[in-house]
Amino acid sequence: MEKVLIGVTFLYLLSSAGYLSYLFLQKNALQRISGVILVAAFLGHTAALGYNFFLSGLIPVRDLHEALSMAAWTLSGVYILSLHRFKLKILGAFAVPLTSLVMVASAILPHASAQAQTGFHSFWLVFHILAVFVGEAAFALACGIGILYLFQENAIKTKKRSFFYRRLPSLDLLDATGYACIVAGFTLLTIGLATGFIYAKLIWGRFLSWDPKEIWSAITWLIYAALIHERLTVGWRGRKAAILAIIGFCVVIFTFLGVNLFLKGHHGVFTRW
Amino acid sequence: MIEIVLLGLNHKTAPVELRECLAFTGEQTAAALDDFSNYPHLSEMVLVSTCNRVEILMTTSDRPLAIQTAKQYISGIKQIPVSEFENALYVHSGEDAIRHVFRVASSLDSMVVGEPQILGQMKDAYLTATQKKTSGVILNRLLHKTFFVAKRVRSETGIGDHAVSISYAAIELGRKIFGTLEDKKVLLVGAGEMAELAVEHLIRNRSGAVFVANRTFERGLELAKRFKGRAIRIEEISECLKEVDIVISSTGAPGFILNRDQVKSVMRVRKNRPVFFIDIAVPRDIDPEINSLGNAYVYDIDDLKNVIDENIEDRNREAVKGERIVDEAVIQFRKWYESLGVVPTIVSLRAKLEQIAESEIQKTLQSLKHFSEDDRVAIQRMTQAMVNKILHDPTVYLKRHGSYGDQSIHIDVTRRLFNLDDDSQE
């Protein structure tokens, strides 16, 4: 199992190298090959996670090693989906290296073979974990797109035909794609939180236990809710939306890792190492 | 031996006054080709004339005489003494002439490197020459190769990428902001050639409604009619800004006609949909401070000029790649051209027949194991004699026709008939 994951990590790294050289050299073949490698890596990763799931009946997020691997898997999956939908190939130069980074971090961390816990079998929990992970992967893409938007906007505003000006698509496309990612992420996060509450009600008999993770998740949710609301009412788009997408993702990362590392709570198992 | 000679002048060697005097119209070109076919020492000819260049491409067995004839002819028909344009002329022959033709067609020699018109102009010139039958074996091959090279340069290098005119540069920028220009509404303030050209480009890119604001409403109506748009009054600009996406301004107003606060208040109504201001006026119409507002982009004429300058630099960098493609093609063409001599043709013809004979002997003898060594030698001798007999008449023919006049047609036919050039390379 670990060998498969190392192979997958290697493929992710290879694909990242391909996407980064595509960014510099602008050869279409590079981008196509990298895409194929990425899909191969994703399929391998899916098989590994699926096998794990089949054996234990649990989504493998029992420690930080597994949680990061899961995050990398959803991130690459969501990127492949977005590629299919928006053809924003240059985003690969952000998304795939990020995936690789997370995978490498996961590989470095020790893997405690955690024994199954009670209550981990619930349908609600599986749903909760999947929705939150995929939603957060969509936020990661939105953040990447936001960064690209800021580069491109800066190039056009300052009238400097910088490195990125030629390589990046139009502002409109970046803005629209970023917004689509945020809407998708927000929808999934909402579902994830709802199923989480239901699960909590079933297990602990209460929806909310004022766990730091729960509070920060709510903050994340509010930030993205505000972003979408402002866009619909007064038209927060472009630069403002891009910056907020980046801030939002920082909060997501803090909620994902920081809360567990610095604060305590019942999600602790998740980042144990 | 027939030589390829090119004689011409272009924007680098001759001032526009001289180029104007020497330019050939379509009819004049055709007439000139007719006249030239009367000179026996000029075997083939193509004449290219554009506003930036006049080039006479010919093949001749007598180079000095051909050059002399061409100069005299130009002088005669244009009624200018040779001394007045002689200094502006360049003469290339052989490989240099081939390279020059390739470079011109690939737009490496153009005033604006990468401009696409020259290839079409050369195709027209070649068409005229084929109609007048002044283009033969060598020039046909040369020009076909030329068109091939030009296409390769265009598709394999970025020589034609990125706008080098103000209005195209504005369109390109618009694409970087909006993605597509389709259905984007346009407001033209004022009038002027460059601004109107930009509007036309936008319409060609299927932009949406066009509004025209002009100091004199009547002129505005006129322009609006031309662009199938709507005329508005200058005072209505602020109102109009609520819906348009692209503003092209080119008025003679002494100060700004749009300032930051005006646009700022409009952006709220627009829900921050991006708006692109193209300010072609001098002095400027649009307050540059507007550029600091979110989702508003202002480019004035100097900004656009800078964009163009950088694009031209890029094209020049790409031109280096183009030169490499041209060099490759020159070598290929020279190989073919050198093979056009009588002796190389006879040599390769003999080589081909001997090779066929040799391989057939091998095949036959392999199945005739009972032959003695003497029998084998006899058969070999017989085949050799056959090859010699078959080659005798063609050799004599080629040598006789090679000694005078235009032998290239015979040689070319021979080479094609026996497939002596490996054409699979093309």
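# A tour of chains A and B

Start with strand S1 (residues 3-10) of chain B and strand S3 (residues 53-60) of chain B, which run antiparallel and are joined by eight bridges. Two strands pair here if DSSP finds at least two bridges between them, and the strands themselves are DSSP runs of E with at least two residues, while helices are runs of H or I with at least four, numbered from the N terminus. Before you click on, know that this is a predicted model, where local features need pLDDT of at least 70, side-chain atom pairs count only at pLDDT 80 or more, and totals for chains, interfaces and linings use all residues. Residues are numbered from 1 along each chain as its sequence is written, with chains lettered from A and ligands numbered from 1 in the order in which they are written.

**Around S1(B)**

Select B:Asn10, and you'll find B:Arg53 as its bridge partner in S3(B). S1(B) is mostly covered, with six of its eight residues buried. Buried means that 20 or more other C-beta atoms lie within 10 Å of a residue's own; 12 or fewer makes it exposed, anything in between partly exposed, and C-beta atoms are placed from the backbone.

**The six-stranded sheet**

Now for an open sheet in chain B: its six strands come in the order S7-S6-S5-S8-S9-S10, and the pairing is parallel. At the edges sit strand S7 (230-232) and strand S10 (296-300) of chain B, each pairing on one side only. Neighbouring strands of this sheet are turned by 20° against each other on average, direction ignored. (Axes are lines fitted to C-alpha atoms, for helices over the stretch in contact, and angles run from 0 to 180 degrees between N-to-C directions.)

Zoom in on strand S5 (residues 186-190) and strand S6 (residues 210-213) of chain B, a parallel pair with four bridges. Here B:Val186 stands opposite B:Val210 in S6(B). Helix H9 (residues 193-204) of chain B packs on the sheet, touching S5, S6, strand S8 (246-250) and strand S9 (275-279) of chain B, and its direction makes about 160° with that of S8(B). Contact means that the C-beta atoms of two residues, placed from the backbone, lie within 7 Å. Then show helix H13 (residues 301-338) of chain B: it lies across S9 and S10 of chain B, at about 80° to S10(B).

**Two loop stops**

Go to B:Pro283, in the loop between S9 and S10 of chain B.

Next is B:Asn272, in the loop between helix H12 (260-269) and S9 of chain B. B:Asn272 isn't a glycine, yet has a positive phi of about 60°. Why does B:Asn272 count as buried? Because it has 21 C-beta neighbours inside 10 Å.

**Over to chain A**

Select helix H4 (residues 92-108) of chain A. At 1.5 Å a residue, its 17 residues should span 24 Å, and the end C-alpha atoms are 24 Å apart, so the two agree. (The expected span is 1.5 Å times one less than the number of residues.) Among the buried residues of H4(A) are A:Phe94, A:Leu98 and A:Met103. Their cover includes helix H1 (2-25), helix H2 (28-56), helix H3 (64-86) and helix H5 (123-158) of chain A.

**Where the chains meet**

Last stop: the contact, which takes 15 residues from chain A and 17 residues from chain B. On the side of chain A that touches chain B, H7(A) gives the largest share, three residues.
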